[in-house]
Amino acid sequence: MGVIRRTGMFILQVNPILCDGFGHCAELAPELVHLDEWGYPIISKEPVPMADLGSYESARYAERGCPRQALHVAKVNSPAPVSNVPLNLPRPARAVSRERRPL
Amino acid sequence: MIEPGTLPRLFAGVTNRPLSLEEHERVFQPADNVASLLEELEASGLVGRGGAGFPTTRKVDLLRQQRGHKYVVVNGMEGEPAAHKDNRLLSTNPHLVLDGAEMLAQMIGASRIAICVARDNPTVVNHVERAIHERARRNLRGPGIDLHTPPWRYVAGEESALVHWLDDNESLPQYRPGRPHILRIGRGPVLVDNAETCASVGLIGRYGAQWFRSLGTAEHPGSVIVSITGAVARPSVLEVNLGTRISNILATADADTSPQAVLLGGYGGAWLRGDQINTPYSNESLEQFKLSVGAGIIAVLPREACGIAEAHRVVRWMAHESARQCGPCAFGLPALAEDLLAVVRGGHDGVAALTRLQDRCGIIEGRGACRHPDGVVRFVRSSIEVFAQDIDSHLRGAPCAGARSKQRFLTVPALEHEEDLIWE
């Protein structure tokens, strides 16, 4: 029917701290990810056009299929505004934790 | 008042014990002239002295845009085993560092200052504690100062690891996908600055940018504290004018003045060949060799030493100091150390190891949460390049005399058992 027009680019990002080298991403997104000799993913830092639907689909599969949830498909369609909120959202401040270690 | 264009600045009036608050105010005047701090800091062109060389104003501006309960963290962890500058500064004039931290707190509107010193240096901890008490007795206005003593580890001095420790008692680096990234304690944004940077801010706040720029070069102004180790009569800490020739610094420190190479910027840094030591010591001059002043370390390697054997020792220790959070660092760095050992031993295995080493450098680079693996890769690449002749003779089965002798020049702490490493 209609043409789905996709603009912009995306990058598949891995959080290396969470990643434990299960290697599922290389199976699910072989065109984006290959593994090093220790089984950890090597992902290109070049943005991939969103119009490349096959790559985008497999990036989403890899993101969902990661057992450690270490992957993230980041859209870079425009120069990103400097966000005040980091990706790992800060924990809500609790009165208890402040008492425990005064700073 | 210290005359413009003279040294010492950061070490002015020091004796063999820390300056008390009265002595400190006699040497430097009391810090009152802090009305136009932001403009003065911007005009001074100060870059951070912790290693990355990031402009301090940019950091301050970033933090000023943030809201919430802000913190200033003074990083006196001294991660580099070859460096002694933060310890020396904090145990000779802790008040100058605290002055600078208070000015930074005033600029960004922070309500707390946390000063972090590794608990492995109990004397420094004592000196800083006493300085904080002295200020508390005076009842000086301003934010409260807390002393924190994380365990000493190489990566514990990395800013995200330090903030992680303050936030959650773990000295492990954090994952920061986008930069610039604001580190936080709870919800409060944090400004992390090296102790020497704070001390420089303390001087700029008193005497202004023009005075600060009377030393150093146009792009890299001021003075810097340098730790000199390796082939020296005794390891020393000097305050030098940025732009002094490295050969002159070596001569002042009684070091070997015709070395094989000097290591600049610490164990995550790179080598400068012995025939290039007439280069001025400042970032813009060192840029042509892809080097930087970094954390102010000059490790001198004499001609009789074997560079590649030294590199192996350093890389083995750096691999051991990995926080083991990211696979490429936890597995890659020990692999680099093994390859370097094979190169030192030479023969057929060595030839294969050398090509493998170069491949692995490319694989590991840029894939950790922090810059630790990148630093090691830079060091390994620079070692391969600078000690190419050494490697050649090792691979031909004729190791140099330095490798056969047991004498080693770079200070590398003893390896602890992996289970004995303390991270919290």
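Two strands pair if DSSP finds at least two bridges between them, where strands (E, at least two residues) and helices (H or I, at least four) are DSSP runs numbered from the N terminus. By that scheme Leu263(B) stands opposite Ala299(B) in S10(B). This is a predicted model, in which local features need pLDDT of at least 70, side-chain atom pairs count only at pLDDT 80 or more, and totals for chains, interfaces and linings use all residues. Residues are numbered from 1 along each chain as its sequence is written, and chains are lettered from A and ligands numbered from 1 in the order in which they are written.

**Strand S10 of chain B**

- Strand S10 covers residues 297-301 of chain B, and 5 of its 5 residues are buried (20 or more other C-beta atoms within 10 Å of their own, with C-beta atoms placed from the backbone).
- S10(B) is therefore largely enclosed by the rest of the structure.
- Ile297(B), Ala299(B) and Leu301(B) point one way from the strand, while Ile298(B) and Val300(B) point the other way.
- Strand S8 (residues 261-264) of chain B runs antiparallel to S10(B) and is joined to it by 4 bridges.
- Strand S6 (residues 223-230) of chain B runs parallel to S10(B), also with 4 bridges, and its Thr229(B) stands opposite Ala299(B).

**Helices H12 and H15 of chain B**

- The axes (lines fitted to C-alpha atoms over the stretch in contact) of H12(B), residues 307-320, and H15(B), residues 372-386, come within 10 Å and cross at roughly 170°, on a scale from 0 to 180 degrees between N-to-C directions.
- The two helices are therefore roughly antiparallel, a term for angles over 145 degrees.
- H12(B) makes the contact (C-beta atoms within 7 Å, placed from the backbone) through Gly307(B), Ile308(B), Ala311(B), Val314(B), Val315(B) and Met318(B).
- H15(B) contributes Val376(B), Phe379(B), Val380(B), Ser383(B) and Val386(B).
- By class, this contact has 9 nonpolar residues (Ala, Val, Leu, Ile, Met, Phe, Trp, Tyr, Cys and Pro), 2 polar (the others, Gly among them) and no charged ones (Asp, Glu, Lys and Arg).

**Contact between chains A and B**

- The contact takes 23 residues from chain B and 17 residues from chain A.
- On the side of chain B, strand S2 (112-117), strand S4 (184-185) and helix H13 (327-345) each supply at least two residues.
- H13(B) gives the largest share of that side, 3 residues.
- The side of chain B that touches chain A has 12 nonpolar, 6 polar and 5 charged residues.

**Chain A**

- Chain A has 3 helices and 5 strands, in the sequence pattern β-α-β-β-β-α-β-α.
- Of its 103 residues, 19% are buried.

How values were computed: Parallel < 35°, antiparallel > 145°, perpendicular 65-115°, else oblique. Contact = placed C-beta atoms within 7 Å. Buried ≥ 20, exposed ≤ 12 C-beta atoms within 10 Å, placed from the backbone.
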